[in-house]
Amino acid sequence: MTTTTPKSAPKGIDPRGPRFTAAITLVLAIAALIAALVVPIGATVGARAIEPGFILLAILANAITLGTVGGPPRNPFGILLRTLVRPRLTPPAELEDPRPPRFAQGIGLVLSVAGVVLHLVGVPWALAIAAGFIVVASFLNAVVNLCLGCQLYLLLARAGILGRESAA
């Protein structure tokens, strides 16, 4: 199936990819949230850096970074989908614009990095709050098929703040 699109239009992605990524993100974020709530906060930076919640959220931040910088196809969870899951599925009926999911991953990146950094400097509950926001957003995407970051992207694009093509 081939569609004609302008050369400036981004290549489409499988719409099941962001939901699959959100499901894995949800599991990691729940584990990070539980660990952040159960494990006592260490007094030193070294003690905080080896807490399970910190490690899980740092892993999630790295995976999101790869997806945000390289786009959804570079996300490690997306690679897992392409190699193990998608060969067993029928091709998608239509593709979606990769910009809204990439923007949503950027928001997840900001949340996870903020939680990790604030936790390291000793801000109480920063790790749990960041993980909690990620749990809510990834749950809505994975289970309800509602991407909050994508909706924010579309709202900002309608307002003319994002998504403008440069006149080259």
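## Basis of the values

The model is predicted, so local features need pLDDT of at least 70 and side-chain atom pairs count only at pLDDT 80 or more, while totals for chains, interfaces and linings use all residues. Residues are numbered from 1 along each chain as its sequence is written, and side-chain values use heavy atoms, with hydrogens and water left out.

## Helix 3 and helix 5

Helix 3 (residues 52-70) and helix 5 (residues 99-120) have axes that come within 8 Å and cross at roughly 145°. Helices are DSSP runs (H or I, at least four residues), numbered from the N terminus; axes are lines fitted to C-alpha atoms over the stretch in contact, with angles from 0 to 180 degrees between N-to-C directions. The crossing is left-handed, a term for a near helix turned anticlockwise from the far one by less than a right angle, right-handed being clockwise.

Residues in this contact (heavy atoms within 4.5 Å) include Phe 54, Leu 57 and Ile 64 of helix 3, and Leu 109, Val 113 and Val 116 of helix 5. By class, the contact has 10 nonpolar, 10 polar and 1 charged residues. Here Ala, Val, Leu, Ile, Met, Phe, Trp, Tyr, Cys and Pro count as nonpolar, Asp, Glu, Lys and Arg as charged, and the others, Gly among them, as polar.

## Helix 1 and helix 4

The axes of helix 1 (residues 16-38) and helix 4 (residues 76-85) come within 9 Å and cross at roughly 115°; this crossing is right-handed. Among the contributors are Phe 20, Ile 24 and Leu 28 of helix 1 and Phe 77, Leu 81 and Val 85 of helix 4. The contact comprises 7 nonpolar, 4 polar and 1 charged residues.

## Nonpolar patch and loop residues

Ile 30, Ile 34, Leu 37, Val 38, Trp 125, Ile 129 and Phe 133 make a nonpolar surface patch of about 740 Å². Such patches join nonpolar side chains (Val, Leu, Ile, Met, Phe, Trp, Tyr) within 5 Å, like charges being joined within 9 Å, from residues with over 30% relative accessible area and no salt bridge. Accessible areas come from the Shrake-Rupley method with a 1.4 Å probe, and for residues only the protein chains shown count as cover; a salt bridge is a side-chain nitrogen of Lys or Arg within 4 Å of a carboxyl oxygen of Asp or Glu. Helix 1 gives the largest share, 4 residues.

Trp 125, a patch member, lies in the loop between helix 5 and helix 6 and has a positive phi near 65°. Asn 145, in the loop between helix 6 and helix 7 (148-158), has a positive phi of about 65° although it is not a glycine.

How values were computed. Helices (H or I, at least four residues) and strands (E, at least two) are DSSP runs, numbered from the N terminus.
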